[in-house]
Amino acid sequence: MQQSRITILGAGSWGTALANLLVENGHQVMLWTYRKEQVNEIQTTHRNAHYLPNLLLNEKLQVTSDLEKAIAFGETVGFVVPTNAMREVLKKCCPYFLKKNQAGEQPVLFHAAKGIELGTHQRISQIFKEELLSVNYRGPVVFSGPSHAEEVAKKDLTAITAASSDLEAAAHIQSLFMNTYLRVYTNVDVIGVELGGALKNIIALCSGALMGLGFGDNAKAALMTRGLAEMTRLGVSMGADPLTFSGLSGLGDLIVTCTSQYSRNWQAGYQLGQGKTTQEILDHMGMVVEGIHTTKSAYELAKSQGIEMPITEATYQVVYQGRNLRETILELMGRSGKNESTFQDQKK
């Protein structure tokens, strides 16, 4: 495998796991974090204790808090920051990418965020297009699928999708990450892959809430199945391929996020089921819970598209309006009968 220079922006659990994997795949990798104390910790202890305490990082992993240095380093640059920080980070990166262009470089860009921006309701690739309008780059590639950072860190078998309208860029990302425990598939349906990765977090919140209330596997199966129907309805209305939602970034990510206590969204939902408020949960978690923000974005987006998403609407009412969770669930179950087909009536 040809060695590449890769920059990963964002030293949370997923960014750290991906950066370490790429080093072990034989690449030169620089991990960027805005926190200087985190740089010092990784350089001196080779650990990122807050996010992946059990992972001893490869000593060859480079780390910096200098964003200009990080962008200058990478032939490929990955954005692994929370959805609602993405626009700000892209704005800061833009002049450094223009410098690379002036030097004749055209970087391949990818992102591994799973959310919809608050307010604008934009997907991440749309934010890239707006903020990097004057930059010459390949991609962006969406890197998404059923993948807990903790399991990738300990080399559990994992499969992920790399999606882009530029299939050569997607294949490049595929080649960088593929190894004996991580398998990467390419896809051209950017809309479906981005929406699948974002919307499943809402259903994961609900899955945790059901468990917190003491419901069992029947309830979880019903939630996941009907949640997938909602995800697909909204996605198709926005131009996604319905088959994408049966793939890794749809059904696959839905399964792993709704059934594992590694999931922050599941954990947050479980605490909702235990009676905690949204603010109490966010204060306790100490990390970004994408599903909480995505609930608001998806609720507003569905309204604007005229798409009925009863699970998403119910979640919004509980998370943002303080409705009683158990009463909201009973109201959902008491709705009038429907036809199961996802596509028989797009707006119902």
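## Crossing of helices H4 and H5

In this predicted model, helix H4 passes helix H5 in a right-handed crossing. Helix H4 covers residues 83–102 and helix H5 covers residues 124–131. Their axes come within 10 Å and cross at roughly 25°. Because angles under 35 degrees count as roughly parallel, H4 and H5 are therefore described as roughly parallel to each other.

On the H4 side, the contact is made by Thr 83, Met 86, Arg 87, Leu 90, Lys 91 and Cys 94. On the H5 side, Ile 124, Ile 127, Phe 128, Glu 130 and Glu 131 take part. The residues of this contact comprise six nonpolar, one polar and four charged.

## Thr 294 in helix H13

Thr 294 lies in helix H13. Its relative accessibility is 0%, so the residue counts as buried. When residues up to four places away in sequence are not counted, Thr 294 touches Lys 114, Gly 115, Ile 116, Ala 198, Leu 199 and Ile 202.

## Met 309 between helices H13 and H14

Met 309 belongs to the loop between helix H13 (290–305) and helix H14 (310–321). With a relative accessible area of 5%, Met 309 is buried, since buried means under 20%.

Apart from neighbours within four places in sequence, Met 309 is in contact with Glu 230, Arg 233, Leu 234 and Ala 302. Gln 261 is 48 residues apart from Met 309 along the chain, and the C-alpha atoms of these two residues are separated by 25 Å.

Conventions. Residues are numbered from 1 along each chain as its sequence is written. This is a predicted model: local features need pLDDT of at least 70, side-chain atom pairs count only at pLDDT 80 or more; totals for chains, interfaces and linings use all residues. Side-chain values use heavy atoms; hydrogens and water are left out. Axes are lines fitted to C-alpha atoms, for helices over the stretch in contact, and angles run from 0 to 180 degrees between N-to-C directions. Helices (H or I, at least four residues) and strands (E, at least two) are DSSP runs, numbered from the N terminus. Angles under 35 degrees count as roughly parallel, over 145 as roughly antiparallel, 65 to 115 as roughly perpendicular and the rest as oblique. A crossing is left-handed if the near helix is turned anticlockwise from the far one by less than a right angle, and right-handed if clockwise. Contact means heavy atoms within 4.5 Å. Ala, Val, Leu, Ile, Met, Phe, Trp, Tyr, Cys and Pro count as nonpolar, Asp, Glu, Lys and Arg as charged, and the others, Gly among them, as polar. Buried means under 20% relative accessible area, exposed over 50%, partly exposed in between (1.4 Å probe, protein chains only).
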